[in-house]
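Hi,

Here is the structure I promised to pass on. Have a look at it first, and then read my notes below.

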Amino acid sequence: MRRPTLGIVGAVCIASIASAADLPVKAPIMPVTPVYSWTGFYLGGHVGGLFTNGSGQSDPLPNVPFFGIFPISGNMNDAAFVGGVHAGYNWQVSPSWVVGIEADWSWTDAEASFDRPWVSIVAGVGVRPGTVTSMSIGLDWLATARGRIGYLITPTALLYFTGGAALADVAYSASATNEPPSTYIASTSFKKTVGGYVLGGGIEWALWSRWSLRTEYLFYRLNTDNGVATFNIGSGAFPPPLGTGFAWNDTDIHALRFGASYRF
């Protein structure tokens with residue numbers, strides 16, 4: 001019986017397999033994850049809350065002995081909503097550091113005040129009935145222009161410090177009154193744009209290629225220091241030079257804000 005022989009075709013196949021086994025094998029192509037860049041212009045909005053801390057004082061004019069009452073002072077604190085828009089530009093100067101500039105405008109309805117009765121300097125008289133001195137200070141809007149510097153704790157998480165100049169639209173109001181029969185009325189009301197500074201920091205997360213979320217704390221010191229003298233427009237029982245001087249001190253603001261930004 002004849003044994004099967006290996007044909008020419010079989011020999012060629014075996015040789016081809018052996019040669020293929022000796023060829024180098026290419027490494028599989030792995031997808032490349034793009035590195036997030038913080039460089040660019042961005043625009044966004046923010047909401048949050050703020051707490052104001054200020055004080056004021058009224059002084060009897062021309063002096064305490066002549067008017068017959070002690071100066072009156074009090075704190076003016078309030079908690080209120082804040083919301084607005086911000087815009088800025090970032091430069092990623094290294095794999096770990098980002099610098100930038102930012103400006104924002106915020107609306108708020110914060111208004112703080114105090115009411116106090118008059119206290120006579122005459123021993124045993126104490127509080128004068130029907131008298132009250134009121135002072136208030138309110139904020140309509142806040143604006144800042146700030147620098148930012150941040151460290152990337154991850155490629156998409158920026159821990160930053162910020163600081164710069166602040167502006168605010170401030171409404172002042174004060175009055176000192178005494179009910180009839182001897183009516184005393186001295187009041188003032190005005191608005192003023194004041195300056196100051198702002199410092200703070202926060203953390204910002206890049207969630208997608210162009211969107212980011214942030215939470216930040218800002219401390220404002222506003223130069224609301226102001227003073228005005230007013231005189232009685234009531235009955236003739238308190239003729240000039242009897243009057244009241246009202247003085248407001250600087251105002252501190254603590255703000256906690258949450259925001260979202262879109263990078264162009």
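What follows goes from the overall fold to the strand pairing, one histidine and the nonpolar cores.

First, the ground rules. This is a predicted model, so local features need pLDDT of at least 70 and side-chain atom pairs count only at pLDDT 80 or more, while totals for chains, interfaces and linings use all residues. Residues are numbered from 1 along each chain as its sequence is written, and side-chain values use heavy atoms, with hydrogens and water left out.

The protein chain has two helices and 11 strands (DSSP runs, numbered from the N terminus: H or I of at least four residues for helices, E of at least two for strands). Along the sequence the order is α-β-α-β-β-β-β-β-β-β-β-β-β. Of its 264 residues, 38% are buried, meaning under 20% relative accessible area with a 1.4 Å probe, protein chains only. Among contacts (heavy atoms within 4.5 Å) with a separation of 6 or more, 73% are between residues 24 or more positions apart.

On pairing (at least two DSSP bridges between two strands), β1 (residues 40-61) runs antiparallel to β2 (residues 72-92), with 19 bridges joining them. One of these pairs Leu-50 with Ala-80 in β2. β2 is also antiparallel to β3 (residues 97-108), over 11 bridges, and these two strands form a hairpin with four residues between them. Gln-92 has Val-98 in β3 as its bridge partner.

His-46 deserves a look. This residue lies in β1 and is buried, with a relative accessible area of 4%. Its side chain makes polar contacts (N or O pairs within 3.5 Å, one able to donate a hydrogen and the other to accept it; residues adjacent in sequence count only if both atoms are side-chain atoms) with the side chains of His-86 at 3.1 Å and Arg-257 at 3.3 Å. Beyond four places in sequence, the residues in contact with His-46 also include Asp-104, Trp-105 and Phe-258.

Finally, the nonpolar cores (buried Ala, Val, Leu, Ile, Met, Phe, Trp, Tyr and Cys joined through side-chain atoms within 4.5 Å). In the largest, of 34 residues, Leu-50, Leu-139, Leu-142, Tyr-220, Leu-222 and Trp-248 touch the most other members. β6 (157-178) is among the strands that each supply at least two residues, and β6 gives the most, with six. A second, separate core of seven residues includes Tyr-36, Val-98, Tyr-160 and Ala-206.

Best wishes

Terms used. Buried means under 20% relative accessible area, exposed over 50%, partly exposed in between (1.4 Å probe, protein chains only).
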